[in-house]
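Hi,

Here is the structure I promised to pass on.

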Amino acid sequence: MFERLPVLAAALWWGSLSAIGFMAVPMLFAHLGNPTMAGNMAAKLFAAQTWISVGCCLALLILSKRRHAEKIEDWAQSGLMLVIGGMLLALLVQYGVSPRIVARQDLKLWHSVGSIMYVLQWLCAAMLLWKLSKRQNH
């Protein structure tokens, strides 16, 4: 059972990023009609997504080493960089980029930077999920 928990955490991380960033937020802009209202709601969804990402990444960090084990789990040997990178990207977008977008400060630049960082976080989660979900030959 323990071996499945990292897969579950990575799946929740990747799935939530996919649902919010590639479905919910585009639908807001397509159906609300008012870009300001859509933008404000999108900011709230992305803030909630940040905490889902942080929670999943913290769970993955905890799961990377069993209690009383001498070394970290096999998946964590190369996967921890994806976890730490993804968590840092989430926090940088939330606290570095999002306030500038909400303040409408150089909107095109900061929206582009935030989008690139979000996609990079999504790639970290996808790569980790791919790594964790591959079948082990025993």
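Below is what I found, going from the whole chain down to single residues.

Before you start, keep in mind that this is a predicted model, where local features need pLDDT of at least 70, side-chain atom pairs count only at pLDDT 80 or more, and totals for chains, interfaces and linings use all residues. Residues are numbered from 1 along each chain as its sequence is written, and side-chain values use heavy atoms, with hydrogens and water left out.

**The whole chain**

Now for contacts, meaning heavy atoms within 4.5 Å. Of those between residues at least 6 apart in sequence, 70% join residues at least 24 apart.

How many positive and negative side chains does the protein chain have? The count is 12 positive (Lys and Arg) and 5 negative (Asp and Glu), with His and the chain ends not counted. The centres of the two sets lie 9 Å apart, taking each charge to sit at NZ of Lys, CZ of Arg, CG of Asp or CD of Glu.

**Helix 3 and what follows it**

Helix 3 covers residues 76-102. At 1.5 Å a residue (times one less than the number of residues), its 27 residues should span 39 Å, and the end C-alpha atoms are 36 Å apart, which agrees. There is also a kink of about 35° centred on V93; the bend is the angle between axes fitted to the seven residues ending there and the seven starting there.

L92 is in helix 3 too. Is L92 buried or partly exposed? It counts as partly exposed, at 49% relative accessibility. Beyond its neighbours within four places in sequence, L92 touches V97 and M117. Just after the helix, R104 has a positive phi of about 60°.

**A loop residue**

A69 is in the loop between helix 2 (35-63) and helix 3, and is partly exposed at 24%. Its C-alpha is 40 Å from that of K44, 25 residues away along the chain.

Terms used:
Helices (H or I, at least four residues) and strands (E, at least two) are DSSP runs, numbered from the N terminus. Buried means under 20% relative accessible area, exposed over 50%, partly exposed in between (1.4 Å probe, protein chains only).
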